[in-house]
Each structure stands twice: as C-alpha cells, then as structure tokens.
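Here are my notes on this model. Please read them with the structure open.

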Amino acid sequence: MGIICTTSQKPTEKMKQTSKKIAELVDGKYVPRKNLGSLNRHTYVLVVTKSAVNAYNNGKKFTFHPSMAMLRIKRIDNNEIDTFTKLLGDISGWRVLDCTLGLGADTLVLSKLVGNTGFVTSLEKSKIIYQVVKSGFENIIYNYPELYSLSRNVRLTNIDFNRYLDNVERNSYDLIYFDPMFQKPLENSAAISSLRGIAHSSRNLRQSITKAKRVAKEAVVVKNNKNYPFNSIGLDNTFTLPSSSVSYGIYIKKED
Ligand SMILES: C[S@@+](CC[C@H](N)C(=O)[O-])C[C@H]1O[C@@H](n2cnc3c(N)ncnc32)[C@H](O)[C@@H]1O
C-alpha cells in the first residue's frame with residue numbers, strides 16, 4: 001500500500017516535520033503539498049493540518065469526528081442505559097481491550113463506562129485509520145474538552161488483534177470487544193462507510209474469538225448484523241436491541 005504523506009496548503013515547519021515523521025511510521029513517502037497536485041489523483045494520502053491528520057482514499061475524505069460517542073456519552077450522563085451496560089451490567093473498574101478501534105466511538109464510550117479505576121486499550125490494524133484517530137484523540141482537548149479525560153484513559157496501538165492476543169497473558173483484560181467491518185454494510189451507517197477502502201476486514205474470526213476467550217477474564221463481545229451466524233465463531237448467546245439491525249454475540253467466562 002503506497003501512502004503519501006503531506007500537509008495542508010501553507011504549512012508551518014512543525015506540520016512538515018509531523019508529516020515526515022508520520023511518513024516514516026506508515027512506511028509512506030513525504031511529498032510537499034505544493035508538489036502533489038490534486039489529492040483525488042492518489043489512492044492513499046495522509047494530510048497533516050494545524051489541528052488534525054486527515055486521510056483521502058481516491059479523494060474520499062476520512063476524518064476523526066466523535067459525534068456518535070458524544071451522543072452516547074450525553075445519554076449516559078442523563079442516566080440512560082448504554083448497550084454495553086445492557087449486555088454486561090456495571091463495568092466500572094474493568095480493563096477493556098477494544099480490538100477494533102475504527103472511528104473510536106465505542107472506545108470513548110467504554111472509557112466512560114469503566115471510569116477512572118478502569119482503562120481501555122484499543123487496537124487498529126490500518127496504519128491510516130490509526131494515525132487519523134490517534135491525532136483526533138490527541139487534539140480532542142481543543143474541540144471537545146468534555147472528552148479529554150476519556151481519551152486520556154485509552155491506550156491506542158497500531159497492531160493486528162490476532163498478533164496482540166497471541167502475546168498477552170491469560171485473563172489480562174476483563175472485557176474483549178470486537179466490532180469488525182460487516183460483510184453486508186448497514187445502509188444507514190455513513191460514518192462507518194467513510195472507513196471503507198482503508199479499513200481491514202476480519203477474516204477467520206472464530207480463531208480470534210478462541211484467542212480472546214483465553215485472554216478475557218469476564219467476557220467477550222462481538223458486534224455484527226442481525227443475521228450474522230454468531231454460533232459459527234463460537235458464540236452461542238446473542239442479544240439484539242429492539243428494532244435494531246445490529247446484534248451482539250456474547251461469551252461470559254465461567255472460571256475453570
Ligand atoms: C467497524 S470498524 C470499528 C468501529 C468502532 N467500533 C467505532 O466505534 O468506531 C472496524 C475496524 O477494525 C479494524 N480491524 C479489522 N481487522 C482488524 C485486525 N485484525 N486487527 C485490528 N484492527 C482490525 C478495521 O480496520 C476498522 O477500522
């Protein structure tokens with residue numbers, strides 16, 4: 001995957017240096033913006049601006065926006081019950097591994113639910129998505145100060161979840177969560193569709209769930225569409241919200 005890293009027009013020296021550093025991290029190539037021409041002509045471009053890193057996939061923009069997380073967090077503040085609480089009860093203090101960071105909405109909600117005594121580790125395989133969302137989390141303080149403490153309680157890692165799960169101890173996390181790209185996309189999910197083209201698809205989930213069952217102390221949860229055959233990946237219990245097109249496959253660990 002050839003990734004070009006550049007800046008917005010009229011960059012500061014700091015923006016150029018950040019772009020060069022990101023080019024090294026993503027095995028990409030730094031090209032000064034004035035030499036790049038139209039962003040639409042390139043397959044993958046990462047653009048460093050004053051306050052963000054944005055991605056362009058054949059001209060289609062992908063940027064970090066925590067609007068969905070904000071909505072859910074406001075509901076939690078209004079004592080409404082979030083889906084994770086419906087599934088698992090009170091998870092304050094839990095150590096959570098979110099295997100599929102994506103746009104970071106579930107990660108921020110999980111950070112809210114575990115509170116100061118818990119923490120969230122979030123994994124993302126795509127180098128591009130990781131850079132965009134990492135910069136979003138780092139800059140959240142400027143645009144969404146109410147999310148600042150939640151983002152500080154999250155550790156982001158650019159890695160394949162299978163590799164990560166192979167290298168952590170048994171029972172190292174209380175909850176392990178997967179929200180893979182759906183094979184049949186939901187039509188109303190505009191945010192997630194902005195990831196298509198750059199996101200990784202998760203093949204052989206059954207094997208990953210087996211690994212997760214070893215690493216989880218309390219539970220493994222997988223989100224997918226309503227007709228997904230959760231039993232084929234080793235999850236026999238499912239939960240669907242009323243009038244929702246999304247279901248959750250759940251494994252609750254009983255200590256042996
Ligand atoms: C549907 S999105 C997750 C959305 C996220 N839950 C949110 O709230 O925004 C799935 C993400 O998982 C990532 N992914 C897929 N396979 C992966 C793997 N093996 N390891 C780590 N990340 C992976 C994709 O690149 C994509 O960004």
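1. The structure contains zero disulfides. Keep in mind that this is a predicted model. A disulfide is a covalent bond between the sulfur atoms of two cysteines.

2. Are Cys5 and Cys99 buried or exposed? Cys5 has 1% relative accessibility, so it counts as buried, the cut-off being under 20%. Cys99 has 3% relative accessibility and therefore counts as buried too.

3. Now the helix pair. Two packed helices are described by the angle between their axes and the distance between the axes. Here the helices are α2, residues 67–77, and α4, residues 105–114. Their axes come within 8 Å and cross at roughly 25°. Because angles under 35 degrees count as roughly parallel, α2 is roughly parallel to α4. The crossing of α2 and α4 is right-handed.

4. Which residues make the contact? From α2 they are Met68, Ala69, Arg72, Ile73, Ile76 and Asp77. From α4 they are Ala105, Asp106, Leu108, Val109, Lys112 and Leu113. By class, the contact of α2 with α4 has eight nonpolar residues and four charged ones, with no polar residues.

5. An α-helix has 3.6 residues a turn, so residues three or four places apart point the same way. Check the contact residues on the model with that in mind.

6. How many residues of α4 are buried? Eight of its ten are, so α4 is mostly covered. The buried residues of α4 are Asp106, Thr107, Leu108, Val109, Leu110, Ser111, Leu113 and Val114.

7. Look also at what comes after this helix. Gly115 follows α4, and the phi of Gly115 is positive, near 70°.

Terms used: Residues are numbered from 1 along each chain as its sequence is written. This is a predicted model: local features need pLDDT of at least 70, side-chain atom pairs count only at pLDDT 80 or more; totals for chains, interfaces and linings use all residues. Side-chain values use heavy atoms; hydrogens and water are left out. Axes are lines fitted to C-alpha atoms, for helices over the stretch in contact, and angles run from 0 to 180 degrees between N-to-C directions. Helices (H or I, at least four residues) and strands (E, at least two) are DSSP runs, numbered from the N terminus. Angles under 35 degrees count as roughly parallel, over 145 as roughly antiparallel, 65 to 115 as roughly perpendicular and the rest as oblique. A crossing is left-handed if the near helix is turned anticlockwise from the far one by less than a right angle, and right-handed if clockwise. Contact means heavy atoms within 4.5 Å. Ala, Val, Leu, Ile, Met, Phe, Trp, Tyr, Cys and Pro count as nonpolar, Asp, Glu, Lys and Arg as charged, and the others, Gly among them, as polar. A disulfide is a pair of cysteine sulfur atoms within 2.5 Å. Buried means under 20% relative accessible area, exposed over 50%, partly exposed in between (1.4 Å probe, protein chains only).
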